[in-house]
Each structure stands twice: as structure tokens, then as C-alpha cells.
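Dear colleague,

Please find below the sequence and structure that I am handing over to you. My notes on what was found follow directly after.

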Amino acid sequence: MRFRGNAHFASAVGAVLGLLCAVEAAKVNKHKPWIETTYHGIVTENDDKVLLDPPLIALDKDAPLRYAESFEVTLTKEGEICGFRIHGQNVPFEAVVLDKSTGEGVIRAKDKPDCELQKEHTFTIQAYDCGEGPDGANMKKSHKATVHIQVNDINEYSPVFKEKSYKATVIEGKKYDSILKVEAVDADCSFQFSQICNYEIVTPDVPFTVDKDGFIKNTEKLSYGKERMYKLTVTAYDCGKNRASEDVLVKISIKPTCKPSWQGFNKRIEYEPGTGSLALFPSMHLETCDEPITSIRADIELETNHIGKGCDRDTYSEKSLHKLCGASSGTVELLPPPSSSANWTVGLPTDNGHDSDQVFEFNGTQAIKVPEGLVSTSLKEPFTLSVWMRHGPGAHEKETILCNSDKTEMNRHHYSLYVHNCKLILLLRQDPSEAENYKPAEFHWKLDQACDKEWHHYVLNVEFPAVSLFVDGTTFEPFLVTEDYPLHSSKIESQLTIGACWQDNSGHDNDTESVSEPTSGGNARMAQFFRGNLAGLMIRSGKLENKKVIDCLYTCKEGLDVQLPEEVASAVKVEFNPNQSSMTVEGDDIDAFDKVMQHISYLNSRQFPTPGIRHLRISTTVKCFNGESCVTVPDAEGYVMVLQPEEPKISLSGIDHFARSAAEFESPEGVTLFPELRIVSTITREVEADTESEAAEGADDDPTVQETVVSEEIMHNLDTCEVTVAGDELDGEHEGLELDMSQLQQHGLEMSSSNLGLVVTGVNTMANYEQVLHLIRYKNWHTEALFDRKFKLVCSELNGRYISNDFKVEVNVIHTANPVEHANNAMVQPNFINPVHHASVDLSGHNLVNAHQASVVPSAATVVIVVCVSFLVFMIILGVFRIRAAHQRTMTDQESGKENEMDWDDSALTITVNPMETYEDQHSSEEEEEEEEESEDGEEEDDITSAESESSEEEEGAEPEDQQAASRQQQLEWDDSTLTY
């Protein structure tokens, strides 16, 4: 067996040796690697990857031999590419082999190339194989190939101006082809990114322009009186749209020439709200260049069309404005702001602004249906219809503002208000009557205001057969009135719509009415869509508004004013337009004219005016002795900047968490939700810390004077307070919110309620709102499953422009398991009240800081647990007192026989009584505390348990003071028996 094994081993060794000999014989590196002769590559700036065409691949005809793989031995490398070698000086690239067997390689940059340093790179490359054997002997190289690599530029540099600033001077009254040239350069290497493609003037509203080559010129004749120097900011863009790293400042000075114009006129005039009248031109005078002047006329115009609905007015709801202007009740608001109680305007686009009242947009495809019952379908005469409208231009189709038509079948229009070809038309069909006579049915007014795209206020007073129209407070008579028969009697219900007219396509026309086809894009049941803006659409049946109410609704709260000095009052004539947005001044004395102009002022009587710009324009006409305009005075333009008013912070505070018994919720009075509500409004002002230093010399220029911010309480009105329920909606069958309507009407307020809560509306003082909100009560007739209810109160001013903090109130319901009457207060559950004191309210913002926010208020479950624990503690203490009373009686009997033996040591007892008595009192109190702590499992006692425990002690274990003293004496005598002498 040993011989046979040796024989097998010898044969295996021989085979291996033979194979090695064969490999050595075949291991010959005969061929050189082969690569292309030329390569072209592209590399992006700041990147190291080179894209080659063709790809870098070296080929070798020597095929590698691999064998004896079971021994993990590779004995030949012929045919493998071991590397590439780059030839050239300071070549910033390297070649790397990716796969030796396939010869695939890549070229990459050693460092990220910079196109601005070198755009192209050329070098040679050579491949070499791995040679023969493990040591790489007889390595062969390929021929040298040329590599051209181009560096692609990226737009990394921004344009830079050659100069830090530019200056030029021009003469007023002249237009230049070129005033000066600005020039910028770009450091990028490519033509695309290094060229400046555009220059731009960043400063808005300047009479200059710049072309693509950097030449600046003026677009209008310049005036020294209007502006003495223009400061322009100019920037540049390269062709890659990179903006200049720094814009350049260009100063253009205006050299004056004598030209008639207004001098000393400030273009920007700032108006601080609440400061009364502000002089617009305190230093202005007219320069006439010594021309002989006989008369002067100046028209001063204050542009306010972009503010609200033509000017600054109170932005309360239209219904509240009618009440403020003295209009009687009975007004129905057809376009109210969307709310839980008035949701038919939710789908209409609005301006979403709080600085002005809500404006609704109708784009020709939208209309709304007014809920049934909101307006009586048969209006009793007289009645009033009012609306704010902005419309234009005129269209050939009818555009309906308000329409009441048959809901089904006949498509009859009972009454409607619409615009047609810049005419306002009121259709009013009479109800069926005994006399079938013609009666006025359509009233036509041709109005430029209906198509000028400006806001106008329309009021229609109907006192049949007469109809009067007021547009912006001015009366207009109809130019055409057509007649028609009254409507035939029918039982068809009608539909009131806004923005279009409701029509039933399945119906048929009667012999006196025609049906317009619905316009494209609208509802198939709607026709004659309106295109424009509407606001404040109101209708009042049975009432006729007087002219004073109309003027009050239209009157602006801002405008021009003038206080004429006595010495010039007779020399100058002044006239105003109705809303005081423009005025005319006429005179022949230049000095008197200048004084009048210097006393013209701007006034805004609103407490919180709408901020923004009001443009001013002064147009002047000057005549000489011959009666002709000999001097041309250019218009002077500027603007009044009404600053942002200091926003009031409306803060609501009071008791935000309390508990009441279930019986109180079920009582007729209910539970008052806001018993201690306080409404406070504050504004934040900046004042100087040291006001006394102003009297000191140079105090105004002292840079050390610092300004401090203080909160100041102010008074203003509120127009809405809304109480909403948190969580589940109110179930009207067993709960609700109630408010004394007599008190509400006494304060001139109105209320609407739903299952979400109630809303109190009307413009009134914060104090009156406090009184009304104190009266809101919550009732619940089924409190078995109710543990708590949460409510939220929010108040606002100016139709939601200023909103208070969310004041949240949580009410807990206390349920009594066995409602029995107790002899004392030991088992009476106290109310949990967490007051929010007014002193802790942060009046500087909307969010109030509640000093008791972190305090723990028991919930309903906690109240039940506390009651149970209190009852358990009461029973334990009752048992302890009974045991101690029995024990004391026993000790009294035992110690009565020992008193004679203790008489001889009275002095000693006197020495030891006082310490023992103190110790006993302390020990007794410690035992009581330990017993109470053990009864609550180590938890801290709350106020309820402590109160009940003390009451229980007074009820069960209370003794007269003399009995307690005797008990303590007996206890001391019994303890003395244990003493050793």
C-alpha cells in the first residue's frame, strides 16, 4: 500500500513539472500594444473628467495564458495592458487603466482645469503591456498618439464695471442722444460668457434709459426744479445672464435755466395717521421768470381711485355703515363676507384684503343664488337698492347685477338691475292686478360712470311710478322709461341671483318676455353674466333712504383742505369737488396765491387709515396782459405717503378654566361663559428715554439719546365678536348658547347663531361689547355624558382688519354620584377656578401670556378620583379618632389609681412635663401626617382632601379645649410611669 501511494504521488509531480515546462516554453511577449493615432477630448472647467473621442482602448495580440487555477497561480501576463504614459511638459492630465485585460483606460485632470489660464492642451500618450513573467520583463510599448483636449468654460465670473462710479452734468429742458457711457468687463474665457449683453437701470421711475452698449440718455426733458440730481444704479449682464457682482452708481446733475415752474415742492410727503391736517406745500412758490402775469389758475388733484372704492372710507360691513349713517333697520346685505352664517358668497373671488372692505369679482362665468327667504320676492314700495360697482368697457350683451326670475317653466323676470351698452337699466314688473293697463316697467340711464372702470356708488330709490338714481351722491334722471303689462298670476316660485339671471331651459317664453341664451363658459341655467366688481349690494324693502344717508355712505374720510389766511381770503377764489379730492385756486396776485398754496393740507379722519401712496398733481395756467397763456408752467407731481398706522393689539383675558355642577348647566339660567372677560387694546410707540434732555442745548443732536418702546392703551370700536365651540358641534336638542336679546338691542348690536356658535355684530365700543359678552350663557339639558366643553372667543375691528387673540375657555361638569345633603361642608366639592388676571396679560401683542397657564386644573375624571380618595381618607381618619378616644378612656381609668403615688414628685414632673408635652404635640402631629400620607399612597394632598380631612376631624373628633387639655395631661401621666428615677 505504501508503494502504491508513492507511485501516485510521483506521477502527479511529474505532470506538474511537465506543465510548468510547457508554460515556460510558451511565455513569449511577441507583440506591442496598439492605440489610435489621435484623440480629441473635452473637459469642463472645474471638473476632472475628460470625454475622449474615440475612447482610450489599447489592444495587444498576445493572448494571456491562465492555467493551474486550482493552485491560484497565474504564470503569464502577456496581452494585458499595464498602463499609459503621457509625454509632455507640465501636462495637467494623467491616464489610468480601468481594465488590464481589455486595455480600457481614461484620461483625467490632476487638478480641476481653469479655462481662464489655458483653453487647450496637447500632449502625446503611449500604452505599455505587462511584459513576460511575474517581473514584467520584456515589456513592450505602443506608438505615441496625439491627444488634443479643449477646456469648456463655465460662467463663473460676473461682470465688473471699470469705474467705481460715473458722473455727468446736463442742462435742463434738453433731450440728449447720449449723456455718458458705462462699461463693464467679464473675466470668463469663452466668447459667450465674457461678452456683456445687456445693461439695466435698477432705480425705478427715473427719466433715463441705457442701451446694450452702456450709453445712458434721458427719456424726457429734465427740470432743475423737479430734481437737481439723479442718482441711478446701473447693473450689467453677461450673455450667460450673470449679473454684475456690484452695481455702479451714476450721478447726473441738472444745471438749471430760468423756466417758469413751481419751486420748493417736495415730491414725497409723509403723513402719520392721527396727526390731523398736514400742510402739503409749506415752502412752495411759483417762479415766473419776471413775466408780466395777470391771472393764475391751479388745479390740485389728489388721486385716491386705487384706495378702497375710490378713496379711504370706513371699512366696516355695508350693513354696519348704513346703521352708522343713520339708516333705519330693515337692510338686507346680499353680498356679505363669507362666514358660517352667510356662506353663499364663498365661491366668489375676492380681493382678500383687510385694509379695504371685501370686493367680489365677477368674470363673466360666475354667479350666485341668494338663499330663499332672505329677501321678499314681492318688494313693497317704496324700496331702496344700493351697490358699489366697477365696470367697463361696455358690451353688447346684457350684464346682470341682480335678477329675480321664475325658478321653473316660464322664465319671467320679476325685477332686475343690469348694464347694457353703458346704460344702467332697472326692470320692475308689477304684480298681477285687476287693471290690465300699461305701467312703467324699464328705467334707462345713460352713464359714463357705468363703463369707465372706476368705482362708483349707485343708489336707486323706488317710489312707484317714480325712480330716482344717485351716482356718487349726484342725482340722475332716466332718459327713457318703457311700459309693459303687469305679470300674469302664477304660483311659480322665483329665484334671486347675483351676477347673472336664472333661467330654466326647459320652460317657454310668454308673449311679453324674451330669454337670452346662456353665455359660453357659464352654467347652463344662467344667462346674462356680469363682468366687473361688486361690493356692498344692499336692498331695503318698505323704506326710502334720504339724501343725508346717501351722502354719508359716499363721503370720503380723506381729502384736501385749506385754511385761508384773512389777508388773502378776498384775493383768491377756492373751489372743491364733492369728495374734496380736487380743488381749484384762482387769483391775480402771485404773493397771495403762494400763501394760499402753502396752506393747502391733506386730512385723513380715520383712526386707522389705509396706508399707501396718494399721487398729487398740480396743473397751472398763467395768463399775461394780452389775455393769452404767455408762460407755460409744467405740472408739478408728487405723492402723499400715508404711513402704516400703529396696529392695535386687541387682547382678551379672563377666567379660562372653571368647573360647575351639572345642575347649573341644566338650570334655566345656565352657566356664564365669560363672567370676568376684559377687552383691552394697546399700541406700541417709540419714545425717547430722557425727555428732559430735550431742553438742554444740543440735545436733539445727542447720539446717546436712546429710544424705548412702550405700550399705550387706546380705545376704539369693535364690529364683530364670534364664539365658536371646539370639538363637536352644538346639538340643538339638548344644548345651546343664549344671549339676552333686550340687552343686545339696547346696545345696538345684532346676533346670529348656528350649531357652530354665535356671532355678535355691529360697530360699538369695547366696553359695550364686554357687557354683552358677559351675558352669554351655555345651557345643557342632558349632562350625563358630558364632562367638559371648550369654547373660543375672537373679536375683530374694521371687518377683520385687526383681530384679537384666541381666548379659549374650558368648562368642566361636576357629576355627583349620590346627591345627598350634608350637615357641613366636609363632602361639598368646591369649584375649580383658574383666573387669568388682567395684570398678567402681555399687552404688547396678540398672544396673551397667561400667568396660570402651567397650573394643573382637574379634569372631570380627576374630580371623580379626588372625591373617592377624599371619602376614603375621611373613613380612615374617623376610625383612627374612634380608636384613640376608646384608648384614652382606658388610660384614664388605669391612671386614676396612680395619682397618689405620683404626688411626691411634683417638682420632678414639673421639670419633665414641658419637654414631654412639646414632644407629644409634635409626635401626635407627625402621626396624623403619616396616616394621611399612607392613605394617599405617598401622593401630595390636594386642597380638597385637606379641607375634607379637617372638616371630618371637626365633625367626629372635635372636643372642647378643656377636654383636650385634660386628655393631654392624662397622656403625660401615663407616660411618666415608664420613667426610671
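Leaving aside residues up to four places away in sequence, Glu 575 touches Ser 582, Met 583 and Thr 584, where contact means heavy atoms within 4.5 Å. Please note that this is a predicted model, in which local features need pLDDT of at least 70 and side-chain atom pairs count only at pLDDT 80 or more, while totals for chains, interfaces and linings use all residues. Residues are numbered from 1 along each chain as its sequence is written, and side-chain values use heavy atoms, with hydrogens and water left out.

Glu 575 belongs to strand 39 (residues 572–576); helices (H or I, at least four residues) and strands (E, at least two) are DSSP runs, numbered from the N terminus. Glu 575 counts as partly exposed because its relative accessibility is 42%; buried means under 20% relative accessible area, exposed over 50%, and partly exposed in between (1.4 Å probe, protein chains only). The side chain of Glu 575 makes a polar contact with that of Lys 573, at 3.3 Å. Such a contact is a pair of N or O atoms within 3.5 Å; within protein, one must be able to donate a hydrogen and the other to accept it, and residues adjacent in sequence count only if both atoms are side-chain atoms. Asp 299 is 276 residues from Glu 575 along the chain, yet their C-alpha atoms are separated by 9.7 Å.

Ser 386, in strand 25 (residues 383–391), counts as buried because its relative accessibility is 2%. Beyond four places in sequence, Ser 386 touches His 322, His 457, Tyr 458, Val 459, Gly 536, Leu 537 and Met 538.

Turning to the sheets, five strands form an open sheet with mixed pairing, in the order 2-1-7-6-3. Its edge strands, strand 2 (50–53) and strand 3 (81–87), each pair on one side only; two strands pair if DSSP finds at least two bridges between them. Within this sheet, strand 1 (residues 38–44) and strand 7 (residues 145–152) run parallel and are joined by seven bridges. Thr 44 has Asn 152 of strand 7 as its bridge partner.

A further open sheet has seven strands in the order 24-34-26-27-28-29-33, and its pairing is antiparallel. Here the edge strands are strand 24 (368–369) and strand 33 (480–484), each pairing on one side only. Six bridges link strand 26 (residues 399–406) with strand 27 (residues 413–420) in the antiparallel sense, and Cys 403 is partnered by Ser 416 in strand 27.

Strand 45 (residues 657–661) is largely enclosed by the rest of the structure, because four of its five residues are buried. Strand 45 runs parallel to strand 56 (residues 807–814), with five bridges between them, and Phe 658 stands opposite Val 811 in strand 56.

In helix 8 (residues 766–773), the buried residues are Met 766, Tyr 769, Glu 770, Val 772 and Leu 773. These residues lie on the same side of helix 8 because they cover an arc of only 165° around the axis, the arc being that of the directions from the helix axis to the C-beta atoms.

As for the whole protein, there are 13 helices and 56 strands, and 41% of the 981 residues are buried. Of the contacts between residues at least 6 apart in sequence, 72% join residues at least 24 apart.

Kind regards
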